[in-house]
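Dear colleague,

Please find below the structure that we discussed, together with its sequence. A short account of the findings follows it.

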Amino acid sequence: MTIDVNASADWRAGVIQDFARSELFERTFHEGMELVEETAGYLDGAGRQASKSLSRDAALAYASESMRLTTRLMQVASWLLVQRAVREGDMAPNAACEDRYRLNAEDKRTEIEAELRELPLDLLELVDRAERLYERVRHLDRRMYVENAVEEGPHPVLSQLDRLKQAFGS
């Protein structure tokens, strides 16, 4: 089975444009931008104050988690801004397919669970919300940009039925 590269690119461009114009994009965009603002406010205010009372190990875990959190949110915000640029006609859908706009692979936590338990609850809640948002956006990214267009081929069950009909002369 051969895949027509132009048809695949046209399919993908359509998927990208449809998503960029969707209610799902609009909700995800607003959720992402609000979470970025909320996180920035927390880390610059209450989070900074809370981190001062942590043990040395917990303070290191706090610094690591807050950097990881802001990195994740910036990746999500960047991805969402690319989709908005497509929606507004500032970027062609095919340009949005470039690897530099893809979300990075999973990173692994290095903190010890006990240190995470010492972290402020507000930070842990922001981390959890950011992770859930990141995973949703990552799923969208994979579906829209990484997975290939499904090439319509013969239905496997129907083709087997056709073979049976030919074999038995029905």
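A helix in this account is a DSSP run of H or I covering at least four residues, and the helices are numbered from the N terminus. Glu135 lies in one of them, helix α6. Please note that the model is a predicted one.

I begin with Glu135. Its relative accessible area is 32%, so Glu135 is classed as partly exposed.

The nonpolar core comes next. The largest such core has 39 residues, and within it Trp79 and Leu123 touch the most other members. At least two core residues come from each of the helices α1 (5-20), α2 (23-44), α4 (56-87) and α6 (121-146). Helix α4 provides the largest share, with twelve residues. When residues up to four places away in sequence are left out, Leu123 touches Tyr42, Leu43, Tyr62, Glu65 and Leu69.

Two helix pairings deserve a description. In general, a pair of packed helices is described by the angle between the axes and by the distance between them.

The crossing in which α2 passes α6 is left-handed. On the α2 side, the contact is made by Leu24, Thr28, Glu31, Gly32, Leu35, Glu38, Thr39, Tyr42 and Leu43. The α6 side contributes Asp122, Leu123, Leu126, Arg129, Ala130, Leu133, Arg136, Val137 and Leu140. Sorted by class, this contact of α2 with α6 contains ten nonpolar, three polar and five charged residues.

The second pairing is that of α2 with α4. These helices pack at an angle of about 150°, and their axes are 10 Å apart. Here too a left-handed crossing is found, with α2 passing α4. The residues of α2 that take part include Phe25, Phe29, Met33 and Val36. Among those they meet in α4 are Tyr62, Leu69, Leu73, Met74 and Leu80. The contact of α2 with α4 divides into 14 nonpolar, six polar and three charged residues.

Yours sincerely

How values were computed
Residues are numbered from 1 along each chain as its sequence is written. This is a predicted model: local features need pLDDT of at least 70, side-chain atom pairs count only at pLDDT 80 or more; totals for chains, interfaces and linings use all residues. Side-chain values use heavy atoms; hydrogens and water are left out. A nonpolar core is a set of buried Ala, Val, Leu, Ile, Met, Phe, Trp, Tyr and Cys residues joined through side-chain atoms within 4.5 Å. Buried means under 20% relative accessible area, exposed over 50%, partly exposed in between (1.4 Å probe, protein chains only). Contact means heavy atoms within 4.5 Å. A crossing is left-handed if the near helix is turned anticlockwise from the far one by less than a right angle, and right-handed if clockwise. Ala, Val, Leu, Ile, Met, Phe, Trp, Tyr, Cys and Pro count as nonpolar, Asp, Glu, Lys and Arg as charged, and the others, Gly among them, as polar. Axes are lines fitted to C-alpha atoms, for helices over the stretch in contact, and angles run from 0 to 180 degrees between N-to-C directions.
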